[in-house]
Amino acid sequence: YTYSPGTSYEIHALKDINLNIPDGQFIGVIGHTGSGKSTLIQHLNALIRPTSGTVSYNGEDVWAENYNRRALRSEVGLVFQYPEHQLFESDVLSDVCFGPMNQGKSREEEAKKALLQVGFKEKNFKKSPFDLSGGQKKRVAIAGVLAMNPKILILDEPTAGLDPKGRDEILDQIAELHKVRGITIILVSHSMEDVAKYVERLIVVNHGKIAFDDIPKKVFAHYKELEEMGLAAPQITYIMHALKEKGLPVDPADTTVEEAKQDILHALREMNSTLLKGGVQND
Ligand code: ADP
Ligand code: MG
């Protein structure tokens, strides 16, 4: 995909992208700012048309002449990077029913269900969107897309700017949608901790190309290369590498706090006698 092709300021935002997304996966997309993440996901519901190459959904070219892109956009729901800037209605419920994110009008029942699903309290349904906190606005925007009952939900940095509690709540609810409804989720994120905790497949975009596409553990094993791309592995991975270097028999590929905890406890038990009796000096 090239922005402003043929001009002196053209930008080759995506190059040589080859990607296959099966139903039901929970996928993370990471990459430095300007790497092409937002450009990439906007192809997935035909918001932008590839400069060359094709995008197919269920085997059909979405840019074919008679293809119903409107139907595609209601099946492949996209929550933009700053959806909270697109709430205009007088109250929350109307925004979810008629939101500009929607490709059509959702019924009030669907809208209410979607709001509850993202943890939005019923007593606040009639509030003005302008009186909401950042986290609540994001929930309303996500609900606006969910109310369309998408088969695929794409979220472009949905937790940027939220406090840790709001972030975890929103991601837990998204994970729940994936588990309960079997929705395919594509989560663009800048948080390594988040992707390590939630996704089963991780795509790394670097300068418009896919640098890695694998399970998170295998991707984070390349943490030195990730650093060169302006990224990093989850903090816990660095701790595990350091512990391993100090002689603790742990798996440096751990990427979540829970894994690391189990692993450290296990290692400590194994070393128990020497370690607890002070057999290991310092550090
Ligand atoms: P990311 O989401 O990873 O930050 P983007 O897909 O937004 O990356 O941007 C990829 C590249 O395309 C960047 O160089 C960015 O400046 C450029 N770009 C993005 N949107 C536009 C646009 N509307 N017009 C021109 N260039 C753009
Ligand atoms: Mg972006």
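Modeller: Before we look at anything, two strands pair if DSSP finds at least two bridges between them, and strands (E, at least two residues) and helices (H or I, at least four residues) are DSSP runs, numbered from the N terminus. This is a predicted model, where local features need pLDDT of at least 70, side-chain atom pairs count only at pLDDT 80 or more, and totals for chains, interfaces and linings use all residues. Residues are numbered from 1 along each chain as its sequence is written, chains are lettered from A and ligands numbered from 1 in the order in which they are written, and side-chain values use heavy atoms, with hydrogens and water left out.

Biologist: Fine. In which sense do β9 and β10 pair?

Modeller: Antiparallel, over five bridges. Asn206 has Lys209 of β10 as its bridge partner. The hairpin leaves two residues between the strands, and His207 takes a positive phi near 45° there.

Biologist: And how does β3 run relative to β9?

Modeller: Parallel: five bridges join β3 (residues 26-31) to β9. Ile30, for one, is partnered by Val204.

Biologist: How do I read the two faces of a strand?

Modeller: In a regular strand the side chains alternate between the two faces of the sheet. Here Arg201, Ile203 and Val205 lie on one side of β9 and Leu202, Val204 and Asn206 on the other, all buried (under 20% relative accessible area, 1.4 Å probe, protein chains only).

Biologist: Why is β9 largely enclosed by the rest of the structure?

Modeller: Because six of its six residues (201-206) are buried.

Terms used: Buried means under 20% relative accessible area, exposed over 50%, partly exposed in between (1.4 Å probe, protein chains only).
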